[in-house]
Structures are given as C-alpha cells and as structure tokens.
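Look at the structure first, then read on.

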Amino acid sequence: MAMLLGKKIGMTQVYDSEGRMLPVTVIHAGPCPVMQVKTTETDGYNALQLGYEDVKESRKKKPQIAHAAKAKTTPKRFVKEMRLCDKAEPEHNVGDSLTVSVFEEVKYVDVIGISKGKGFAGVMKRHGFGGFPASHGCERKHRAPGSISSFASDAGHGGNLKKGKKMAGHMGHCRITTKSHDVISIDTERNVLVVKGSVPGPSGGYVIVRSSHKS
Amino acid sequence: MKTELLDAVESGSLKSKVPHFEIGDTVDVSCRIKEGAKIRTQIFSGTVIARKGRGVNETFTVRRVIGNEGVERVFPLHSPNVLDIKAIRSGKTRRAKLYFLRQRTGKSVRLGQRHSAHTVSK
C-alpha cells in the first residue's frame, strides 16, 4: 500500500504508444514528510501521518508547529494519516520523505478529493430522476420529484416519509473516491503523477492518492 | 506552476517537428491504419480548410471531393498516427477557415494557385 498527498493541477490529453488519445489528470504528488509514526503499542494501530505543502507558521497554532518541529519539518497545510497493516512494523521513520517514486511499481491508483460544490440542487441533477414531460399538458412540474410517499406504499411508517428518501438538497463539496485510475506516467523530478480520467474536486484542490486494491 | 506542469506533461505528446503547411494548401496526409494485426499507411489528399486548437489539441481539417461527395477528415496534428503531411500546392485564400468550399461544387471548388516557397521546393 502506497499513499501520497497532493494537489490536482488540471486535466489535459496525451497519446499512448498506440496513438490513442487519453484524457488524463495531472497531480502534483508529494514530497510528503512523515510527521508521526503510530504503532499498535502506542496508539492501538499502525499508521503514518503525512504532510503536504508548507504553510506560514503564523497560520498554524503552536502545538501544530511543535508537532512539525518534532519531525524536523515545517508546518504543513494538508495532513492526513495513512493506515497500515496492524501486524507488520511501519517501515518508515519520523522525518522520512515520501516522494512520487512510491508509485513506480503501481499500475492503478484510487484518488480521494473534495468534489466541487453544486449548491442546492434538484432531484434531476442530484439523484438522476427523470422529471416530467416538457409538453403533453404537463404544467409547472417539469423537474419535480413526483410523489414522495403515500399511506399505502409506506405501510408501517404511519404516513411519514421513509428514511433516506431522495430529495432536493445540497449537492457536492463532499469526500469522493474515484477508483482504479491507470497510472500513465510519473515524473520524480517535478513530483508529478499523471493518471487516466478525471478526479474529484477543482484544479488546485487537495487530493489523496493511494494504490488501488486492483493492483 | 500550474501551467508549467501541464505543459511538461503535454510536451511528451507533442511532435518535435511539424511540417509547415497553410490554409488552402493541397496536402497529402500519410496516416497509419491498423487492420487487425496489420499496420499500413494510407494517404488522404485534399485541401486544408481549417486549423484549430492549440498545443496537443491542435487539429486540421482536410476536404476533398470523391465522386461528387464531399469528404472531410479531421486530423490531430500531433497524433502518432499522422505520419507525414506533404504540402503539394498552395491555394490563394483570404481567410483562415475555408468553410465556404462546402457550398461549392464542380470547378468552383478549386482555389487559385499561389506560388509559395514551402510548396515550390517539393
């Protein structure tokens, strides 16, 4: 299992060896210093705490600055934990730096990001409902959800709505994982990882990249 | 940094040298075609009527009339499947997009010849 923190740079297209054009996302991944090593003895589980991108000390609180100083690094803007297998000992020490070369042998990665906020969205956009016809006498309800319950269909609920009923509401700006992106290329010099397809979030948004279970 | 990194990724897909050709040129485009396991080269010739896009997305449109039927093909300029572009003859044009040729038939499809250095040498 390999994991890195990074930033989505943007999307572009590249050609593969057979001349096919591929849609790719460019991710600036790492270098991520190991800020803390958690072990089963001390914390009950094994994990590495990684940091990404420097931040001014004045933007962080004193405990966070001291925490970073322990690992002989500067405070980081984006800090996340990478959970490890509980049986094996963590291979890395505090202060080690993980770079994009951890993905050299990896074929597929999962990318986790915060999706773009869509605001208050209707059911057609949020849940893919079909809506109603544009014509044939349909009036003032072209994008409406339709009936949300009836006494008969919700027997036992006492005429209340079923829990989890799909309705309009806030959409986006939530954690999304996209799985099994092909790793197209790695640039260790520029700390760049290129993956196939689109990843969640805006350009400049922070992402977590980890090797996929598929590989 | 953002565009720098994107450019660096794209640069791997760009051709180092692209043959010079202009709008209105009659060109022979050699393209690689895969038929099952066999790979062969096919030549599509016609008039360049448009060039669009930038960087790795740049494409050009070649139009020719085959048996009274207009045929247009859009080639990605940097595609590895586009092996060569040979400019045969320059046409006299006053605009960057020659879409008006689509409305024309017969002899009026032809453009007046312009003597240009990049085609004369061939």
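Is B:Cys31 buried or exposed?

## Cysteines

This is a predicted model. In it, B:Cys31 is buried, because its relative accessible area is 3% and the cut-off for buried is under 20%. A:Cys138 also counts as buried, because its relative accessibility of 14% falls under that 20% limit.

## Contact between the chains

Chain A gives 18 residues to the contact, and chain B gives 17 residues. Together, chain A and chain B bury about 1400 Å². Carbon and sulfur atoms carry 66% of that area. The size of an interface is often quoted in this way, as accessible area lost when the parts come together.

A:Glu18 pairs with B:Lys34 in a salt bridge. Their closest N and O atoms lie 3.9 Å apart. Three residue pairs are in polar contact between chain A and chain B, with both residues at pLDDT 80 or more.

## The chain A side

Which strands of chain A supply at least two residues each to the side that touches chain B? They are strand S1 (3–15), strand S2 (21–29) and strand S11 (192–196). S1(A) provides the largest share of that side, with seven residues.

By residue type, the side of chain A that touches chain B splits into eight nonpolar, seven polar and three charged residues.

Note on methods:
Residues are numbered from 1 along each chain as its sequence is written. Chains are lettered from A and ligands numbered from 1 in the order in which they are written. This is a predicted model: local features need pLDDT of at least 70, side-chain atom pairs count only at pLDDT 80 or more; totals for chains, interfaces and linings use all residues. Side-chain values use heavy atoms; hydrogens and water are left out. Contact means heavy atoms within 4.5 Å. Buried area is the accessible area (1.4 Å probe) that two parts lose on being put together, summed over both. A salt bridge is a side-chain nitrogen of Lys or Arg within 4 Å of a carboxyl oxygen of Asp or Glu. A polar contact is a pair of N or O atoms within 3.5 Å; within protein, one must be able to donate a hydrogen and the other to accept it, and residues adjacent in sequence count only if both atoms are side-chain atoms. Helices (H or I, at least four residues) and strands (E, at least two) are DSSP runs, numbered from the N terminus. Ala, Val, Leu, Ile, Met, Phe, Trp, Tyr, Cys and Pro count as nonpolar, Asp, Glu, Lys and Arg as charged, and the others, Gly among them, as polar. Buried means under 20% relative accessible area, exposed over 50%, partly exposed in between (1.4 Å probe, protein chains only).
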